[in-house]
Amino acid sequence: MTVSLTSRLRLTLLLVLLTAWTAAAHAADPADMPAAPSGQAVYEHWCAPCHAPGPGHPGTQSLQFKYAGKTPAVLLERTDLSPQVVSVFVRQGVLLMAPFRKTEITDAELAALASYVARNFKRNTRSPARE
Ligand code: HEC
C-alpha cells in the first residue's frame, strides 16, 4: 500500500501543529472550568485550541485540507454537524484528535458541548457521518 505524498505532507503538518497545540494546552488552567456544564465553556477549554479560526489550529487546518473549501474549516461555522455526529467524533476521535474520556468530558458536558457546536445544524445537509 502506498501512502500518497499529500497524506504524508498532511500528517507532517498536523504533527508540527500538534506540538504547538500541546504547549498551548498545558498553559491552560483546569480550575477555570465552571461547575455547571456550559457547552461554550467546554468548547473553549477542549476544542478551541485545535478548532478556532486561523493558523496554528490543527483541527481547522486539517478540515481545510479535507474539504478544500466546500464546507467551512471552522467547526462553529458548520451547518451539517448534528449533536449526535459531534458526540461520536468526540468519543471516538479522528486522526490526531484523540478520543475524549468521560473523566475529561462527562456525559452531561458532552450533551451541552454537542448542542453548542451543532447550534447551526440544519437538517438535510450532508454530514460526514453519512459519507
Ligand atoms: C489535538 C487537536 C484537536 C482537539 C483538541 C480537538 N480536535 Fe476535533 N479534530 C482535530 C483534527 C486534526 C480533526 C481531523 C480533521 C480531518 O479529518 O482532517 C478533527 C476533526 C473533528 C471533527 C470532524 C469534522 C469532520 O467534518 O470530519 C469534529 C466534529 C471535531 N473534530 C470536533 C471536536 C470537538 C467538539 C472537540 C472538543 C471536545 C475537538 N474536536 C477537539 C483536532 C482536534
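Colleague: What pattern does the chain follow along the sequence?

Modeller: In this predicted model, the chain reads α-α-α-α-α. The count is 5 helices and 0 strands.

Colleague: And how much of the chain is buried?

Modeller: Buried residues come to 24% of the 131 residues. The cut-off for that label is 20 or more other C-beta atoms within 10 Å.

Colleague: Take Leu 18, then. Why is it called partly exposed?

Modeller: Leu 18 has 15 C-beta neighbours inside 10 Å. Buried needs 20 or more and exposed needs 12 or fewer, so Leu 18 falls in between and counts as partly exposed. It sits in helix 1, residues 5-27.

Colleague: Which residues does Leu 18 touch, leaving aside neighbours within four places in sequence?

Modeller: Pro 58 and Leu 96. To be called a contact, the C-beta atoms have to lie within 7 Å.

Colleague: What share of the chain's contacts between residues at least 6 apart joins residues at least 24 apart?

Modeller: That share is 68%.

Colleague: Now the loops. What makes Ala 68 stand out in its backbone?

Modeller: Its phi is positive, about 45°, and Ala 68 is not a glycine. You'll find it in the loop between helix 3 (58-67) and helix 4.

Colleague: Is Ala 68 buried or exposed, and how do you know?

Modeller: Exposed: 9 other C-beta atoms lie within 10 Å of Ala 68. The limit for that label is 12 or fewer, so 9 qualifies.

Colleague: Where does Leu 95 lie?

Modeller: Leu 95 is in the loop between helix 4 and helix 5. Phi is positive there too, near 45°, in a residue other than glycine.

Colleague: Why is Leu 95 called exposed?

Modeller: Leu 95 has 12 other C-beta atoms within 10 Å. Exposed means 12 or fewer, so a count of 12 still gets Leu 95 that label.

Colleague: Last one: which residues of helix 5 (residues 107-117) are buried?

Modeller: Glu 109, Leu 110, Ala 112, Leu 113, Ala 114, Tyr 116 and Val 117.

Colleague: What covers those buried residues of helix 5?

Modeller: The cover includes helix 2 (39-51) and helix 4 (83-92).

Methods: Residues numbered from 1 in each chain as written. Predicted model: local features only at pLDDT ≥ 70, side-chain atom pairs only at ≥ 80, totals over all residues. Helix = DSSP H or I, 4+ residues; strand = E, 2+ residues; numbered from the N terminus. Contact = placed C-beta atoms within 7 Å.
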